[in-house]
Amino acid sequence: MLLKKWICLYTMCLLLTACGSQVIIEWVDVIKWDGKQYEAVYEVALADRSFIDKEIGEVDFKVADHIKSASYRFKDGDAAFHEKGTKLYAIKGLDDAIAVEDQSVINGYRIYMIRDEAAPRRNFDQVPLEEVKKIEFYASMEEGNRKTASYTDQSDMENIKAILANSKLAPSFEPNGDTKRYDILLYTDDAIAFQYGIQFDGTTYFWFPSENALLSDDIQPFISKD
């Protein structure tokens, strides 16, 4: 019986050692700079490249490639996913954000914001709809983002905003198979535009203003002018 217990304990140690050697850390997309931690915000986009200000520094260390401990504390110049030498830029008019050039995102720069400041900008109910000056739609494609429609006419924008505002929360909704993704950008006079993904599963348009919500089919003719 004692031998059996020792065999069991030895086997458990081997399993724990094996599991420990295969720890996978899911890093959040963050950059540490000037004592502040900036997190990628996917619900905003740079409004225009003219808002990019001076270069403020560059990444010194790519954490995801070198650190295997979840207890690691980021230092100035560390980035979760960006290569050493990646340039960091200030954004005109924004003290709580920095930008990194990224051609895979709309308007060419990914926005990073101080964690505590980013949260209020993520939900649709924080968008100052009365200040929106332009609305654009993009289709997400393998080769990148393709602009499908742009609106500055007040009547068109009011109709689009009404469709968004009247979407119906449906937290338990599940799409019917594969979906096609679009992005809608709402521009004010700010350096950043609000950006939200719209999905279509062949039957239903839905998006995530704060949680899953269903959109009226009335959004369809606005998404693309093609």
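What follows is a walk through the aromatic pairs and ring contacts of this predicted model. Because the model is predicted, local features are given where pLDDT is at least 70 and side-chain atom pairs count only at pLDDT 80 or more, while totals for chains, interfaces and linings use all residues. Residues are numbered from 1 along each chain as its sequence is written, and side-chain values use heavy atoms, with hydrogens and water left out.

The protein chain has a mean pLDDT of 88, with 87% of its residues at 70 or more; pLDDT is the predictor's confidence in each residue, from 0 to 100. Where pLDDT is low, the predicted coordinates should not be read in detail.

Rings of Phe, Tyr and Trp (its six-membered ring) are taken as a pair if their centres lie within 6.5 Å, and their planes count as stacked under 30 degrees apart, edge-to-face over 60 and tilted for the rest. By this rule there are 11 aromatic pairs. In one of them, the ring centres of F61 and Y72 are 6.5 Å apart and the planes stand at 50°, so the pair is tilted. F61 belongs to strand β5 (residues 61–62) and Y72 to the loop between α2 (63–66) and β6 (78–79), so this pair ties together parts that are 11 residues apart in sequence; helices (H or I, at least four residues) and strands (E, at least two) are DSSP runs, numbered from the N terminus. Ring pairs also join F61 and Y72 with W27 and F74 in a cluster, and K75 lies over the face of F61, 5.7 Å from the ring centre.

For a charge to sit over a ring, NZ of Lys or CZ of Arg must be within 6 Å of the ring centre and within 35 degrees of the ring normal. The charged end of K134 likewise sits over a ring, that of Y187, at 4.6 Å from its centre.

How exposed is F61? With a relative accessible area of 25%, F61 is partly exposed, where buried means under 20%, exposed over 50% and partly exposed in between (1.4 Å probe, protein chains only).

The rings of Y89 and Y109 have centres 5.9 Å apart and planes at 90°, so this pair is edge-to-face. Y89 lies in strand β7 (residues 87–91) and Y109 in strand β9 (residues 109–114), so that distant parts of the chain, 20 residues apart, are linked. Y89 is buried at 15% relative accessible area, and Y109 is buried at 11%.
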